[in-house]
Structure formats: C-alpha cells, structure tokens
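Here is a short briefing to read with the model open beside you. Take a moment to look it over, and then we can walk through a sheet and a domain boundary together.

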Amino acid sequence: MTHRLPLSPELSCPLDGATLLFEPKEVSVKIVTVDIGGTRTRVARWERGALHDRRSFATGNLDELIATVRVVAPEGFDALGISFAGALDMRTGKILSAPNAKGWQELNLPDVLSHRMGCPVFLANDANCAALGELTAGCRAEDFVYVTWSTGIGGGLVSDGRVLWGNSGMAGEIGHTVIWPDGPPCACGKRGCLEAVAAGAGIARVAQEQLGQQLTAEEVISRAVRGDTSAQGIVADACRAMGQGLAVLSELLEPELLVLGGGITQSWAYLGPQVEHTLNDLARKPPPIRLTSLGDDIGLYGAAALPEHWPQRWKRAP
Ligand SMILES: [Zn+2]
C-alpha cells in the first residue's frame, strides 16, 4: 500500500526553531515507531501499513533507544513517532513526569532526538497513542473511548474519527477522576482516584491491607476466581469502580463502544460481568465493551500514526 502523509513542508515537530526536515513524498513513507512503557521500550518500523522488525529493551537509556531506532531502519526513515508512559506536554514536547525513566523529567525528548537523528519527532501520552492505534488499526470506530486497565489506568477519547487531545495532550485521564473522595491516596497526590481504587497497584495495596499478604493484582484475581471470598470482595470493589468510571465516560461522550486493554483485562471472563453490571446500572445508554485485538502492539500502531494525526493547531509556520 502506498501511503502518503497529509503533511506540508512547514510541518514541524514540537521544536523551537527547529529546521523542518520532513518533506511529503509520493513513495511509501517509513516511520520508526517507539512505545516507551513503564518497564520496557518497544521499537518497530512502520512501512506499507504494517509493523516490521520489532525490538524491545529496558526503558531508560537514551543511547540504546537511538541505537535501536537505527537498527530497525538502517536505510533511514521519514519520521519518528513515540508513545510515552507518563505526563507530558505535546505542544512543547517536554516530559513532565517520568516515574520509570530516571533523569527524563523535564527532558524535551522530541528536541533531543530530532537533533540527533535529523528527522521530525512526535511524542504523545501512551493512553492517547493507544486510542489512536485503535482508531487506525483496531476497532476503527468513529466514536469510542479506549481504557487501559493495568498497573495504572489511562484513557484516550476518540470522537468523530479524531483523538481528543485536550489542551496539552493529556485528555482522557479517566484514571485520575475522583470517584471516592474519601478513598485511598493516589500516586498523583489526590484521594480516591479511579486508579487508586481499581488499578493493579490499587488492588495489590488493598490486598496487603485486608489480607496482610503481599500479592500481585493477578494473584488476588486468581484467588477470587477460585472462590476466595476475601479476594472476591476486593476484586468486586475494583470492578464496581471501573464500571463507575466507564459510566462517566458513557454519559460524557456517548461513545459507540468502549475498548479495553491492559494486563488486568486478561481476566475479563471473571471481571467483565461485574464491570458491565455496574455500567448498566449507572449509565442510561451503556455502550458495548470490547477488548482490544492489538495486544502489546497497540502503542506501536498509535505512535506510527502520530505524524499523520498530529493536531493542526500545533503545527508551526515555517
Ligand atoms: Zn490520581
């Protein structure tokens, strides 16, 4: 498939005063796509509508990232798209919080990489990239919400076939909406965020408090599945909170469907009915829930689509 990015030569990555190096081409466009996760970073080449030559390594080493980018695209590439697990400002490219990559806080990653690699670089939050991946390579619906249910909880909003990025690229943070104002403390500093109650780390913390044992969320869920009533209570609370979060999204955006991904959803057969029960209870028009079909590649697909879907308002004049 020949792909042409609808980019104009004045397109810029979020760089101050950067030379604009991207030229639109009739020929197939090559993009290196990067998914910087909490523990692992994945890199692949996106070409002719597919991912090629996937690589992965531990997150945090910038030189290793650059070396891997060169390995997956030895003949060069047109642009670099990056999905990043952390808070950032898409307008400037600055990383605001990088809990898993030491020294990256305040780093302007697109700036650094663009200068070292000589190409436009596009950086976005991981949940929003995942929603973009779903839009371009997954469910391809026009109106949906993507929610990742994992160690943390993140979300990305798609309306009318476009990602809603928000003011600085951090829209869709359903994990940090407060659902229980007097609930447990969240890593963000507030209390009772959906993430604090229902994410993997939250489930593990409650298990530690209530069962006096250090268990992973997966272990708590598997105990619940086997009939342990204490574990069932903890998991039921998490499912109720997730259903509550999804109901808020349903009322706010009237999505055609809700797409879920992330490690916790591997136990969907057990969790799903409980989440849906609350969603059906609280939302007037509950949309169907689907699990993503893209697995671990969802962020790579999304980052590959960033150059094409970069918000118009953040393109700079030459
Ligand atoms: Zn929070």
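How far apart do the C-alpha centres of domain 1 and domain 2 lie? They are 26 Å apart, in what is a predicted model.

- Domain 1 covers 30-130 + 296-314 in the domain assignment of the chain, while domain 2 covers 141-292.
- Across the boundary, 15 residues of domain 1 are in contact with 14 residues of domain 2.
- On the side of domain 1 that touches domain 2, the elements giving two or more residues are β5 (88-89), β7, α3 (126-137) and α9 (298-309).
- The biggest share of that side comes from α3, with 4 residues.
- Sorted by class, this side of domain 1 has 8 nonpolar, 4 polar and 3 charged residues.

**The sheet**
- Five strands make up an open sheet with mixed pairing, and their order is β3-β2-β1-β4-β7.
- β3 (50-58) and β7 stand at the edges with a single partner strand each, so one side of each has no neighbour in the sheet.
- Direction ignored, neighbouring strands of this sheet are turned by 15° against each other on average.
- Strand β1 (residues 30-36) and strand β2 (residues 40-47) run antiparallel and are joined by 7 bridges.
- Within that pair, D35 has R42 in β2 as its bridge partner.

**Strand β4 and its partners**
- With β1, β4 pairs in the parallel sense over 6 bridges.
- With strand β7 (residues 121-125), β4 also runs parallel, and 5 bridges join the two.

**How β4 is covered**
- Is strand β4 (residues 79-84) mostly buried or exposed? It is mostly covered, with 6 of its 6 residues buried.
- In a regular strand, side chains alternate between the two faces of the sheet.
- For β4, A79, G81 and S83 lie on one side and L80, I82 and F84 on the other, and all of them are buried.
- Both faces of β4 are therefore covered: a residue counts as buried when 20 or more other C-beta atoms lie within 10 Å of its own.

Key
Residues are numbered from 1 along each chain as its sequence is written. This is a predicted model: local features need pLDDT of at least 70, side-chain atom pairs count only at pLDDT 80 or more; totals for chains, interfaces and linings use all residues. A residue is buried if 20 or more other C-beta atoms lie within 10 Å of its own, exposed if 12 or fewer, and partly exposed in between; C-beta atoms are placed from the backbone. Two strands pair if DSSP finds at least two bridges between them. Axes are lines fitted to C-alpha atoms, for helices over the stretch in contact, and angles run from 0 to 180 degrees between N-to-C directions. Domain bounds come from an automatic or database domain assignment. Two residues are in contact if their C-beta atoms, placed from the backbone, lie within 7 Å. Ala, Val, Leu, Ile, Met, Phe, Trp, Tyr, Cys and Pro count as nonpolar, Asp, Glu, Lys and Arg as charged, and the others, Gly among them, as polar.
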